[in-house]
Amino acid sequence: MLSRLVLRAAPAVLKGLQGLPPPVSAGILHVARPLHTGQHRLAPVPPLPEKGGEVRHGLIPEEFFQFLYPKTGVTGPYMLGTGLLLYLLSKEIYVVNHETVAAACILTVIIYAVKKYGADVAAFADKLNEEKIAKALEVKNEAIKALETAIEEEKKEQWRIEGRSYLFDAKRNNIAMLLEANYRERLLTVYNEVKKRLDYQVALQNLKRQKEQDHMVQWVEKSVIQSITPQQQKESIAKCILDLKALSKSAQVAV
């Protein structure tokens, strides 16, 4: 019934819209266009309002009354609605039948349910919405915390990478010092080994010289002893005895 009513009332509504000012008709025609056909924009979408605009009688927007007030006065919107309703009924565009009574009863029940339980349902819905928002904020905070932790770790890694050059320089210096110490240790080892060999050669030469001297002395003594005759030995002994006697007498005289 309602769909047939809309189809029948559409031509009359479009004829009435032709008499409206261009901005109003353009705005209404723009609303009648199919959605999701325009070009996508890269601009950020403004956030949706948390609460709807003001309405009258639970259905009619306040902007509609504010739009008609300058031209029709305070009673203009109501007279427009009443006249439209009477026009639809007089021209039998909308026929009152049992479906109208059923729709009135259903509308009455809906209005009663909204007035009776609307606040509780709204509070329950707000509670569910707050719980969802709290969970979303918790997930958001955890994600932010995880990202901050990752940023701190990244900064630490960057700091470590910056200090890696100093670490490599220190390692290079340590390796150079180890190589220098190993080189000097080997030089000391070579010096000690060469010194030992030279000391051995010096000791060998000294020993050889000493042996030659000892051999020469023994040979000279042996040659001298062999050259002395027994008569020379007796004369030398007698001479020694005379010398000793002379020394003894001189010692006694001195005393």
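1. Basis. The model is predicted: local features need pLDDT of at least 70, side-chain atom pairs count only at pLDDT 80 or more, and totals for chains, interfaces and linings use all residues. Residues are numbered from 1 along each chain as its sequence is written, and side-chain values use heavy atoms, with hydrogens and water left out.

2. Overall architecture. The protein has six helices and two strands, where helices (H or I, at least four residues) and strands (E, at least two) are DSSP runs numbered from the N terminus. Read from the N terminus, the order of elements is α-α-β-β-α-α-α-α. Of the 255 residues, 5% count as buried; buried means under 20% relative accessible area, exposed over 50%, and partly exposed in between, with a 1.4 Å probe and protein chains only. Of the contacts between residues at least 6 apart in sequence, 37% join residues at least 24 apart, contact meaning heavy atoms within 4.5 Å.

3. Aromatic pairs. A search of the whole structure gives two aromatic pairs. Rings of Phe, Tyr and Trp (its six-membered ring) pair if their centres lie within 6.5 Å; planes under 30 degrees apart count as stacked, over 60 as edge-to-face and the rest as tilted. The ring centres of Phe64 and Phe65 are 6.0 Å apart with the planes at 80°, so this pair is edge-to-face. Phe65 also pairs with Tyr78, in a tilted arrangement with 5.6 Å centre to centre and 45° between the planes. This second pair links distant parts of the chain, since Phe65 belongs to helix α3 (residues 62–72) and Tyr78 to helix α4 (residues 76–90), 13 residues apart.

4. Setting of the cluster. Ring pairs join Phe64, Phe65 and Tyr78 into a cluster. Phe65 is buried, at 2% relative accessible area, whereas Phe64 is partly exposed at 34% and Tyr78 is partly exposed at 37%.

5. Arg56 and Glu62. The charged end of Arg56 sits over the ring of Phe65, 4.4 Å from its centre; the criterion is NZ of Lys or CZ of Arg within 6 Å of the ring centre and within 35 degrees of the ring normal. The side chain of Arg56 also makes a polar contact of 2.8 Å with the side chain of Glu62. A polar contact is a pair of N or O atoms within 3.5 Å; within protein, one must be able to donate a hydrogen and the other to accept it, and residues adjacent in sequence count only if both atoms are side-chain atoms. Glu62 lies in helix α3 and counts as buried at 14% relative accessibility. Apart from neighbours within four places in sequence, Glu62 is in contact with Glu54, Val55 and Arg56.

6. Glu92 is placed in the loop between α4 and α5 and counts as exposed, at 58% relative accessibility. Its phi is near 55°, a positive value in a residue other than glycine. At the start of α5, a side-chain oxygen of Asn97 comes to within 3.2 Å of the backbone nitrogen of Glu99. Thr100, in helix α5, has a side-chain polar contact of 2.6 Å with Tyr94. Not counting residues up to four places away in sequence, Thr100 touches Tyr94 and Val95.

7. Geometry of helix α5. At 1.5 Å a residue, the 130 residues of α5 (residues 98–227) should span 194 Å, and the end C-alpha atoms are 179 Å apart, which agrees. The expected span is 1.5 Å times one less than the number of residues. The helix bends by about 60° at Tyr117, the bend being the angle between axes fitted to the seven residues ending there and the seven starting there.
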